[in-house]
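Hello,

Here is the structure I promised to pass on. Please open it first, then read my notes below.

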Amino acid sequence: MADPAKRPLWTISALLPLAALALWSASRVGWGDIAGERALVPLALFDLAAVAAVLALGPVPRRIVGLLVAGLGVIAVVLSVGTPFLWGRALAVTGGVLMVAAGILLLLRGHRMPRLGAKYAAPGAAADAEPDLWRSLSEGDDPTAR
């Protein structure tokens, strides 16, 4: 059975690109001269960057990304409120709601999710010995001569 800690990671990895697709599509519907239309493309790009951040970052930065994603999702919904175009508004609201859902999931479960490459990390003892190697090199000692 799959690791339960990985389920939110896959869910978030699906929600963010879907939100980006919805926001980008909403920006292409043609809202006229409304400023919200221009703001949706950077939000879509942020969603794509957030996928990489979620996979690579540790617990605390993930929560910060989750807070940003949720906040920007609310902004996407607010930007779509005044538009008279039904499809653009529906797509922007969908993208914003997906962002808020992904952000809340990151805030609640982000600290438990596995980090990219974490299973290949060096054990603590080997990582603690590394500064000693650098110190011995600085003092002129060759650690390979031992």
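What pattern does the chain follow when read along the sequence? The pattern is α-α-α-α-α. The chain has 5 helices and 0 strands. Helices (H or I, at least four residues) and strands (E, at least two) are DSSP runs, numbered from the N terminus.

Some ground rules first. This is a predicted model, in which local features need pLDDT of at least 70 and side-chain atom pairs count only at pLDDT 80 or more, while totals for chains, interfaces and linings use all residues. Residues are numbered from 1 along each chain as its sequence is written, and side-chain values use heavy atoms, with hydrogens and water left out.

**Confidence**

pLDDT is the predictor's confidence in each residue, from 0 to 100. The chain's mean pLDDT is 80. A value of 70 or more is reached by 78% of its residues. Among the elements of the chain, α3 has the highest mean, 91. Helix α5 (residues 124–138) has the lowest, 65. Where pLDDT is low, the predicted coordinates should not be read in detail.

**The whole chain**

The chain has 146 residues, and 30% of them count as buried. Buried means under 20% relative accessible area, exposed over 50%, and partly exposed in between (1.4 Å probe, protein chains only). The accessible surface comes to about 8900 Å². Carbon and sulfur atoms account for 70% of that surface. Such areas come from the Shrake-Rupley method with a 1.4 Å probe; for residues, only the protein chains shown count as cover.

Now the contacts, meaning heavy atoms within 4.5 Å. Take those between residues at least 6 apart in sequence: 73% join residues at least 24 apart.

**The core**

A nonpolar core is a set of buried Ala, Val, Leu, Ile, Met, Phe, Trp, Tyr and Cys residues joined through side-chain atoms within 4.5 Å. The largest one here has 23 residues. Which members touch the most others? They are Leu16, Leu23, Val54, Val65 and Val69. The largest share, 8 residues, comes from α1.

Look at Leu16. Leaving out residues up to four places away in sequence, Leu16 touches Asp47, Ala50, Val51, Val54, Val69 and Ala102.

Next, find Ala53 in helix α2. Ala53 has a relative accessible area of 19%, so it counts as buried. Ala53 and Val65 are 12 residues apart along the chain. Their C-alpha atoms are separated by 7.6 Å.

**A buried glycine**

Is Gly95 buried or exposed? Gly95 is buried, because its relative accessibility is 0%. Gly95 lies in helix α4. Not counting residues up to four places away in sequence, Gly95 touches Ala19, Ala22 and Leu23. Gly95 and Leu18 are 77 residues apart in sequence. In space, they are 7.2 Å apart, C-alpha to C-alpha.

**The surface**

Which residues make the nonpolar surface patch of about 370 Å²? They are Leu67, Ile104, Leu107 and Leu108. Patches are made of residues with over 30% relative accessible area and no salt bridge; like charges are joined within 9 Å, nonpolar side chains (Val, Leu, Ile, Met, Phe, Trp, Tyr) within 5 Å. A salt bridge is a side-chain nitrogen of Lys or Arg within 4 Å of a carboxyl oxygen of Asp or Glu.

Helix α4 gives the most to this patch, with 3 residues. Leu108 lies in α4. Leu108 is exposed because its relative accessible area is 56%. Ile104 also lies in α4. At 41% relative accessibility, Ile104 is partly exposed. Ile104 and Val69 are 35 residues apart in sequence and 8.5 Å apart in space, C-alpha to C-alpha.

Ile75 has 42% relative accessibility, so it counts as partly exposed. Ile75 and Ala92 are 17 residues apart in sequence. Their C-alpha atoms are 10.0 Å apart in space.

Best wishes
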